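Biologist: I would like to know what lies behind some of the terms used for this model. Please take them in turn.

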Amino acid sequence: SLTINAHVMAQQCQAIVIYTGWERHALVGSDIRLSCSFFSWRWTSEEVTFSWTYRPDGSRDSISIFHYTGGEAYLDNKGPFKDRLEFVGNPGRRDGSILIKNLDFNDNGTFTCDAKNPPDIVGRPSSVRLLVFEKVPIQAGVITGAIIGVVLGLLVLVVVIYYLMRFLVARRVFSLNVRSVSGPAALCRWAFRQGLELRPEPIPGTDTCVAKLA
Amino acid sequence: MLFLIGIFILHISAIVLLLVATIDNAWWVTDTMRTDVWGRWLKINGVWNLTDLPTGTDYPQDYLHAVQATAVLACIFSFIAAFVFLAQLFTLPKGQRFTITGAFQLLACVFIMIAASIYTNRFHVKESQGSYGHSYILAWIAFGLSFVSSITYFVLRKKSA
């Protein structure tokens, strides 16, 4: 009885998981690619099937618009997507995506993809919602986020330029002969305070220092 | 030492007020409606529901984005000023002023002033019902606190290492 239980458990683990998008936005007249892929513990079988169904917004009925089985893709030739569908997926790579051309406002609705990988057939179909717009709206918060990002970016830029300027100016000053400058000890202290990478070295026998670029 | 702690507490309270003003939903309130720059709560049949802000001529979207962005930026700059203050506390040479901290705090002050001013000028101008809520008032108080805080940083000198 232990082996029977293990077999049942193994079968329950082997559910097929189907992935589509959650929501897709598109412009009127454009094409859209609805992607569908699945995860399965078994190798991709020769009898893998993909089927897409479409349910218009506000309607309770769904119609079948695409079916791939036995290595052949069958497209809608009677319904609302007649001559507008194209199979762009790769079943060998578990991709059952379709391309819908020349979108219209009537194409608003929910598209459901169901994939089966025999013997792995237990799974939940996944749905993607299509929204067709005349003008693609900017999602809430994008403009606000953009303003914040630009201001912070400018701030970072200002800080970077400031440190760059300080570094370049100090470099040019120290290309001169340090010994010829009066009060080299004070100059070394100034350079040290500026935070430049200089190591003041005391010249033996004197109380001046020579600053070398580290 | 006590003075420094006092300054820091002033700064922290400015940050807290800025956060409450930006996050809490009470810029304009009536009996059944509470709204701020992010959303609107409506009391329908005794239950509060979150709805989107109206989009129309009396709710200009671009000014709304400006208020949102400047309010968030004010919080961010005040946060940065707090960290810069702690950094300058340990790295500033003796006798120097906390100018960078003051600059950031002044930026935060200016940004929350811009946010509150735009909101006052462009939103709820013709509405007869309702009044400004506590978040709005706190935004102005935060403006005052951050202004005082930034002036203090511009004047304060580091006494000891």
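**Strands, a patch and annotated spans**

Modeller: In this predicted model, strand S5 (residues 49-56) of chain A runs antiparallel to strand S6 (residues 63-69) of chain A, and 5 bridges join the two.

Biologist: Why are S5(A) and S6(A) called paired?

Modeller: Pairing takes at least two bridges. S5(A) and S6(A) have 5 bridges, so they count as paired. In S6(A), A:His67 stands opposite A:Ser51. The two strands form a hairpin with 6 residues between them, and A:Gly58 in the turn has a positive phi of about 90°.

Biologist: What makes S6(A) and S7(A) a pair?

Modeller: Strand S7 (residues 72-75) of chain A and S6(A) share 4 bridges in the antiparallel sense. The cut-off is at least two, so they pair. A:His67 has A:Tyr74 as its bridge partner in S7(A). This hairpin has 2 residues between its strands, and A:Gly70 in the turn has a positive phi of about 55°.

Biologist: Why can A:Leu154 belong to a surface patch?

Modeller: Patch residues need over 30% relative accessible area, and nonpolar side chains are joined within 5 Å. A:Leu154 is listed in a nonpolar patch with A:Val150, A:Leu157, A:Ile161, A:Leu164, A:Met165, A:Phe167 and A:Leu168, so it meets those terms. Together they have about 760 Å² of accessible area. A:Leu154 is in helix H2 (residues 142-173) of chain A.

Biologist: How do you know which residues of chain B are annotated "transmembrane region"?

Modeller: The unreviewed UniProt entry gives residues 63-86, 98-117 and 137-156 of chain B. Such annotations may be inferred rather than shown by experiment. In the model, residues 98-117 of chain B are 95% helix and 0% strand, with end C-alpha atoms 28 Å apart.

Terms used
Residues numbered from 1 in each chain as written. Chains lettered and ligands numbered in written order. Predicted model: local features only at pLDDT ≥ 70, side-chain atom pairs only at ≥ 80, totals over all residues. Heavy atoms only, no water. Patch = residues over 30% accessible without salt bridge, like charges linked within 9 Å, V, L, I, M, F, W, Y side chains within 5 Å. Areas by Shrake-Rupley, 256 points an atom, 1.4 Å probe, with all protein chains shown as cover. Salt bridge = Lys/Arg side-chain N within 4 Å of Asp/Glu carboxyl O.
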